[in-house]
Every structure is written in structure tokens, then in C-alpha cells.
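Subject: Two-chain model, with notes

Dear colleague,

Please find below the structure that I promised to pass on to you. My notes on it come after the sequence and coordinates, and I would be glad if you read them side by side.

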Amino acid sequence: MANCRELIEFLDDYLSNRLDGDVRATFDAHLDACPDCRTYLQTYQQTIHLCRCSMHDTKLPPLPESLVQAILAARSKSA
Amino acid sequence: MCHVSCWRTTIVTVADETALISALRAGEDWAFETLVRTYGGRMLAVARRYMRTEEDAHDVVQDAFLQAFRHIHSFQGHSRLSSWLHRITVNAALMKLRSQRHDAESSIEDLLPVFNEEGHRLQARPAWAETSDELLARAETREIVLESINRLPDDYRTVILLRDIDELDTQEVASLLGVSPGVVKTRLHRARQALRTQLERHLAPEE
């Protein structure tokens, strides 16, 4: 059976279903027996979810008029 | 509930976009202004994620637009204009970050899990007190998450933004950062673990 370190090391592969059947089975067995790793796995997934939602959950900012003008002026200069 | 307002959401129809691209290629002034006003806000939102100051985010948006103006003739139309501009903005942000790198980055070792000689975890931690949906319903959670991401060293913060937020694939990120796909995978996993530890300090129940 895998230990905690091995599970954590391959956690991303485990979650992405990139492990061979036998290896995956040893990690499944470890998770069945180890509540700490189950908690870690759950909070690792929560981290990704919170990160994704927090970053996307913002209103699009308006582009300041001064920046619009600066960009158009820079274009004229470089044209 | 997570409502992802995707960058690639279209507010411009394909017909509008085709007409705009033709006008840009013809050098029409109105087209450049329309491009800036239509897509600028989205590009600023991307630039703000990568840069630590508003001034740097503005520089990135300006650099990205100038790149886009210069290369509009090579835009193939295989993707939407918004996706193309997104990619240019991310590139401009990475270049800016690269140019600002002076000191060695701080370590995240103390945010990674610790094991004994047999490979068993030394510090068992409790589950978080609330589900993700409950946490996201509170405005302060978003602040905590954003602050925690910003506390990560740039090498780790950047890979989280590219993979987990902008959802680029490993190969694409490797190519943008000039590292191997293996390095991207390792860095992303370490970054997520470090971020998890930082969030745990706020989100796990007091012992």
C-alpha cells in the first residue's frame, strides 16, 4: 500500500486519472485507510475550485480613458 | 456556486469581428479605437491578475495592444479575436514579470506537507469548516484567496494563473515559460499545495 508521501507526490496524476490501474488501486487503498489523506485530497480540490472561482468572479473593469488615449497616441507615434 | 465569466465569452458577433479585422488591416483609425474600447477591459482584467501594481497592468495592456496592432496582418482567424488578444496579453505580462526579476525568489518549503521517515504525515489537519459553495458565498473568501495567491513567489503564482485560471495546457505553459512540461507539472503541484496551506490558516476550524 502507498504511503502519505507517495500519494501526495502523485496527487495531481491521481486526480487527473493519469495513473495505471495497479498504481491507482494502491492509492485508493491508502485513501480508504487514511483519513488525513482524504482530508488533504478534499482541501486540495477545494483550493483549485476556490482559486478558479475567486479569480473569475470579477466584473470586467472599464479601461480608463487616459489609457485608451495613451494607447491610441502610442499607435500614431509608432505608425 | 461558481459562475465563471469566461474571458472567451463573445460580445462581438463573428460578422462584426470580420469587419473589424478588415478595417484594422486597412489601417482605419476608427477600427483601432473600437478594438481598444471593446477588448481593453478584458485585457486589463487579465493584466491585473499577473501584475502587482495598477501601473504595471496598464503598461501590459498598452504593450499588448501595440503588439496586436503590429501583428494584425498575421492574425489567421483560427481563433476568436478575443482569444488571440488574451494570449498576447498573457505574453506581455510574462515579459514584464521577467524584466522585473532581480532577487532570488523566496522559498515555499515551509508551506509544503512534512512526512516522517516512513512517509507518513507528521501534521494531521482538520477538514475545512465549510464547503466551497458556502465559502464562496462570503465576499471575504475571495479576498483571502486573492491575497494568498499574491503571496506566492512569482514562479508559483504565474503557473497557477496560467494553468488553473487561464486554463492553458501544460505544453502551452511550458512553451510560454521556457521550461519542460515536467517542471510545469511539479511547479503547479507545489504551488497548489502552498496555496492550500495558506488558505487552511484562514479556512480550517481553530484547534
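The notes below go through confidence, each chain, and then the interface.

This is a predicted model, in which local features need pLDDT of at least 70 and side-chain atom pairs count only at pLDDT 80 or more, while totals for chains, interfaces and linings use all residues. Residues are numbered from 1 along each chain as its sequence is written, chains are lettered from A and ligands numbered from 1 in the order in which they are written, and side-chain values use heavy atoms, with hydrogens and water left out.

Confidence

The model as a whole scores ipTM 0.88 and pTM 0.86. In terms of pLDDT (the predictor's confidence in each residue, from 0 to 100), chain A has a mean of 90, with 97% of its residues at 70 or more, and chain B averages 88, with 91% of the residues scoring at least 70. A stretch of chain B that calls for care is residues 3–10, where the pLDDT is below 50, although beyond near neighbours in sequence this stretch has 16 contacts in the model (contact means heavy atoms within 4.5 Å).

Helices (H or I, at least four residues) and strands (E, at least two) are taken as DSSP runs, numbered from the N terminus. On that basis chain A has five helices and zero strands, and its radius of gyration is 23 Å, well over the 12 Å that the globule rule gives for 79 residues, so chain A is more spread out than a compact globule. The radius is taken over C-alpha atoms, and the globule rule is 2.2 Å times the number of residues to the power 0.38. Along the principal axes, the C-alpha atoms of chain A fill a box of roughly 65 × 25 × 15 Å. Chain B comes to nine helices and zero strands, and its C-alpha atoms fill a box of roughly 65 × 35 × 30 Å along the principal axes.

The interface

Between the chains, 43 residues of chain A are in contact with 60 residues of chain B. The buried area (the accessible area, with a 1.4 Å probe, that two parts lose on being put together, summed over both) is about 4,700 Å², of which carbon and sulfur atoms give 64%. Of the area that chain A buries against chain B, A:Met55, A:His56 and A:Arg75 supply 15%, more than any other three residues.

The structure holds 22 salt bridges over all chains, a salt bridge being a side-chain nitrogen of Lys or Arg within 4 Å of a carboxyl oxygen of Asp or Glu. One of these joins the side chains of B:Arg37 and A:Glu65 at 2.8 Å, N to O, and this pair crosses between chains, from helix 2 (residues 29–50) of chain B to helix 5 of chain A. Across the interface of chain A and chain B the rule finds five salt bridges, and the side chains of A:Asp12 and B:Arg192 meet in a salt bridge at 2.9 Å, N to O.

With kind regards
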